[in-house]
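Here are my notes on the model you passed along. Have the structure open while you go through them.

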Amino acid sequence: IALHTLTQNDMCEALNVHRASSRRQAFRDMLAITTGTTAAATLTSSPPSAMAKEAEEDLMSVYFGCGCFWHVQHEFVQAERRILKREDMSLTARAGYAGGKATDSTVCYHNALNIGDYGSLGHAEVVALRIPPSSFEEFATEYFKLFDDKGNRPDQFGDRGSEYRNLIGLPGGVKSPYAKQLVSASMAVGDKLDFAVGKGNDKDLRAVAFVMDTETYPFYVAEQYHQFHDGFNLNENYPNSYNSLASKMANSGSLQKSVCPNGALGIGVGGL
């Protein structure tokens with residue numbers, strides 16, 4: 001079956017089954033059809049070092065959502081340091097929003113002015129990265145490690161609702177050759193999640209990750225006060241060397257600027 005003959009409806013129908021094991025198998029079968037062996041073969045060789053990956057490959061943009069983005073950003077910053085040997089000013093992990101059907105260019109956290117409220121627009125909290133394609137499976141593995149053995153995310157019983165749903169954004173979505181690596185990474189850490197084709201404004205389902213096409217469902221960077229923030233737990237405080245990255249990057253111009261109110265009330269202090 002040619003790639004272009006598999007419609008979005010076909011993919012949705014393939015995943016619309018009741019048993020978890022069947023959903024996984026349907027997803028894998030669908031990937032086998034859409035990606036084929038040629039696309040997979042292009043991913044078999046990898047550069048010998050992290051620096052070589054950076055130098056020899058065009059970076060790809062991806063995002064991951066798993067509840068509150070504060071904790072998730074910290075974990076991916078650590079992954080960037082470990083996997084790609086990136087230093088402070090080279091880090092690309094950014095907190096933000098994605099996954100909604102709305103096409104509004106202004107997407108913001110909840111604010112008193114009601115400007116571009118991300119929840120009202122159908123978006124969820126995510127963390128975006130720019131990484132070498134050959135490292136994608138390693139980063140996907142880090143994502144799946146965030147979940148416990150039953151597929152619960154770290155704040156599963158705290159933050160709930162569509163704003164905190166599990167999202168994975170890839171160029172091409174489920175049609176991407178990297179989707180096969182996504183499944184491999186999931187299986188390598190216990191096969192904790194089911195997958196579904198993201199349609200936008202999706203519900204928050206436990207142990208289900210919606211796979212989004214980043215072209216159709218792009219990333220919107222969050223406000224500066226959300227970047228490199230302490231975690232969601234009361235005792236989850238990160239060092240100042242981490243927290244201060246937001247201001248350092250803003251001063252250098254490397255932190256993408258949000259046009260949203262700087263705080264819930266527009267004051268810009270303490271998240272207000």
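The points below go from the overall picture to the sheet, the helices and a few backbone details.

1. First, the ground rules. This is a predicted model, where local features need pLDDT of at least 70 and side-chain atom pairs count only at pLDDT 80 or more, while totals for chains, interfaces and linings use all residues. Residues are numbered from 1 along each chain as its sequence is written, and side-chain values use heavy atoms, with hydrogens and water left out.

2. Overall, the protein has eight helices and seven strands; these are DSSP runs, helices being H or I of at least four residues and strands E of at least two, numbered from the N terminus. Of its 272 residues, 51% count as buried, where buried is under 20% relative accessible area, exposed is over 50% and partly exposed is in between (1.4 Å probe, protein chains only). Among contacts with a separation of 6 or more, 75% come from residues 24 or more positions apart (contact means heavy atoms within 4.5 Å).

3. Have a look at S2 (residues 94-98), where five of five residues are buried. Arg94, Gly96 and Ala98 point one way and Ala95 and Tyr97 the other. S2 pairs antiparallel with S3 (residues 124-131) over five bridges, and Ala98 has Ala124 as its bridge partner there. With S7 (residues 220-221), S2 is also antiparallel, through two bridges. On that side Gly96 has Val221 as its bridge partner, and Tyr97 stands opposite Tyr220.

4. Now the helices on the sheet. Axes here are lines fitted to C-alpha atoms, for helices over the stretch in contact, with angles from 0 to 180 degrees between N-to-C directions.

5. H4 (residues 69-84) and H5 (residues 136-144) also meet each other: their axes come within 11 Å and cross at roughly 145°. On the H4 side the contact takes in Phe76, Ala79, Glu80, Arg82, Ile83 and Leu84, and on the H5 side Glu138, Phe139, Glu142 and Tyr143. By class, that is six nonpolar, no polar and four charged residues (Ala, Val, Leu, Ile, Met, Phe, Trp, Tyr, Cys and Pro count as nonpolar, Asp, Glu, Lys and Arg as charged, and the others, Gly among them, as polar).

6. Finally, some backbone spots to check. Gly190, which follows H6 (residues 178-188), has a positive phi near 110°. Asn114 is not a glycine, yet its phi is positive at about 55°; Asn114 sits in the loop between S2 and S3 and is exposed, at 58% relative accessibility. Asn201 likewise has a positive phi of about 55° without being a glycine. Asn201 lies in the loop between S5 and S6 and is partly exposed at 39%.

Methods:
Two strands pair if DSSP finds at least two bridges between them.
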